[in-house]
2 protein chains.
Amino acid sequence: MSPKFVDRKEKQQHIARAALKLFALKGFAATSVEQIATAAGVGKGTLYEYFETKTDIFVAAIVEWMKQFENTIMAELAHIEDPLTRLKTFVAVSTALVDPIDPLTARFSIEILQHTLIEDGALYERRHVMKDVHTGMRKILESILLDGISKGVFRPEWARDAEKFAINLLGYIDGISLHYLMSQNYFHIREQVAFTLQNVIGMLRSKPGDPWGPADIDNDRLTVEIKN
Amino acid sequence: MSPKFVDRKEKQQHIARAALKLFALKGFAATSVEQIATAAGVGKGTLYEYFETKTDIFVAAIVEWMKQFENTIMAELAHIEDPLTRLKTFVAVSTALVDPIDPLTARFSIEILQHTLIEDGALYERRHVMKDVHTGMRKILESILLDGISKGVFRPEWARDAEKFAINLLGYIDGISLHYLMSQNYFHIREQVAFTLQNVIGMLRSKPGDPWGPADIDNDRLTVEIKN
DNA sequence: TTTTTTCCCGACTAATCAGTCGATTACCTG
DNA sequence: CAGGTAATCGACTGATTAGTCGGGAAAAAA
C-alpha cells in the first residue's frame, strides 16, 4: 500500500488543503484535528507526523490559501496591457472571493484576522504573515497605478499618492466584502464596486481644468471566475 | 449583604459589560464563563441566574457595545450644523474605535463578524443583529449627505446615489480600520482617512464644468475622544 | 526468508470547560 | 425571633478534544 518513501511536502500540502476547507467552513476552534484527519483521509497519528500542532496546520492552510489567490491574480493580469482593464481586473479578482457561490475564502480571511488580532490567537506571534500579504497586494496595485501614469492614462499627480491610494483601495475592497457577507441580499456588491470604480477612475483620469464626472466605463471586466 | 430584591436589568448589564471587556480582549472561545463570573465579581452559578447560556452573554455584550457606540456618535453629531463637519465627525468617530490606545472594540467587531459568518458561530442564527446595526449607521450617513445637499453644500446629483455612497463609505471605514489593526505602524490611519475624505468631499462638492481636485479641508475634526 | 526502515493508526491521557445542583447566606415579614 | 424566600455560590458532572504512544503493516534491504 503505502510506498516506502513518501513525498512529505506533497502530503503536507494535501493535508493543508483539506484543513483549509474545514477551517473556512467552521472556523479554527470548531474544527477538530480528528475531523481534519478524516477529511484528509489519514489517521490522527499520521497527521502529527507531518505537523507539530494544530496551529501549524492552520498556518499551512493560510499559506496554501495565499498561494492560490496570488496565482489567480497574477495569471489574470499577465496578459492584460491596458491600465484601466488591469485596475478593474485587480478589483474584480479581489471581490470575486466573496461571491455567494463560494464564500469560504472570505470566511477564512475573517478567521485569520481574528487569530492575528486576538492576544492569544493562533497567529498573534506571527502577525507578520498577514502584513506580508498586504504588502504584496499593495505593491501589485501600486505598480498598476504607476504603469497607468507612465502610459498617460492616469494623471501624473497621482504618482505622489500611489501608496495611499493602494492602501485605501485595498481597505475598501476588504471592507465592502465583509459588509456584503454579513448582510447578504441587502446590497449588490458588483454594483457597489462598479460605483466606486467609476468614481475612482474618474478621479485618476481627470486633469485640472477638465470637467469632472464619474468615468463612463464598461464593467465587463468585473466578472472573474475563481478556480478552486 | 445582598439585598432581598435585585435589579435584574442592572445586574445583567453589569455582567454584560464585564464580559464585553473579556470577549474583546481574548475572543469568545478563549473566554471562559468562570472568567466572566470572576470579572463581574459573582459566582459562576449566579451568572446562570441571569443568562441561559454563554452565547446569551455574548449577545448581551454586543448590545451593550452597540449602545455605547450609538450614544457616542449621536452625542457628537447633535450640536453640529455644517454638513462637511458632520461628515468628517462621523468618519472620525467611526475610525477612533481602532485607536491604538484602545483597540478592544475593533477586535470585538471581528469577533462578532466571525460568529455571524461561520456556520455554527454563536450568532449565525441571529445574523439580523449585525444587519440592523449597519442599516442604522447607513441611515445616519445618508441623512448627513442629503442634509448637505439640501443646504447646497453638496451637489444635488449625489442624492440619487446616497445609499450607494453610504454603503461604500461604511465599507471603507471598516476595511481600512481592519488593515490598520493587522499591520500596526505600517501606515497612519489618520492620514489615510484624511486622504479619502479629501477626495470624497472633492467629489461631493464638484459641479460639472468645475475643475476637479481634492478638497482642501482642514482635518481638525478628525480627532475624537471615545469615552469607555 | 529475515531483518530493518518507514509509515500509519486509533485507543488512550490529561486537561479544559459549559452548565447543574444542593447547600448556604442574608434579607424580609409577621 | 422564626419561618420563608430571594440570591449566591463553587464543587461536581459529562462531554469534548489536543496531543501521545505503542503496536502493526508494508516495502525495501540483507
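Here is a short briefing on how the two chains of this predicted model relate, meet and pack.

Local features need pLDDT of at least 70, side-chain atom pairs count only at pLDDT 80 or more, and totals for chains, interfaces and linings use all residues. Side-chain values use heavy atoms, leaving out hydrogens and water, while residues are numbered from 1 along each chain as its sequence is written.

**Interface**
- Chain A gives 52 residues to the contact and chain B gives 53 residues, where contact means heavy atoms within 4.5 Å.
- Of the interface residues of chain A, 100% are also interface residues in chain B, so the copies meet through the same surface.
- About 5100 Å² is buried between chain A and chain B, 65% of it on carbon and sulfur atoms (accessible area, 1.4 Å probe, lost on being put together, summed over both).

**Salt bridges**
- Between chain A and chain B the count is 0 salt bridges (a side-chain nitrogen of Lys or Arg within 4 Å of a carboxyl oxygen of Asp or Glu).
- Over all chains the count comes to 17 salt bridges.
- One salt bridge joins the side chains of R138(A) and E163(A), at 4.0 Å from N to O.
- R138(A) lies in helix α7 (residues 128-150) of chain A and E163(A) in helix α8 of chain A, so this pair ties together parts 25 residues apart in sequence (helices are DSSP runs of H or I, at least four residues, numbered from the N terminus).

Notes:
Chains are lettered from A and ligands numbered from 1 in the order in which they are written. Buried area is the accessible area (1.4 Å probe) that two parts lose on being put together, summed over both. Helices (H or I, at least four residues) and strands (E, at least two) are DSSP runs, numbered from the N terminus.
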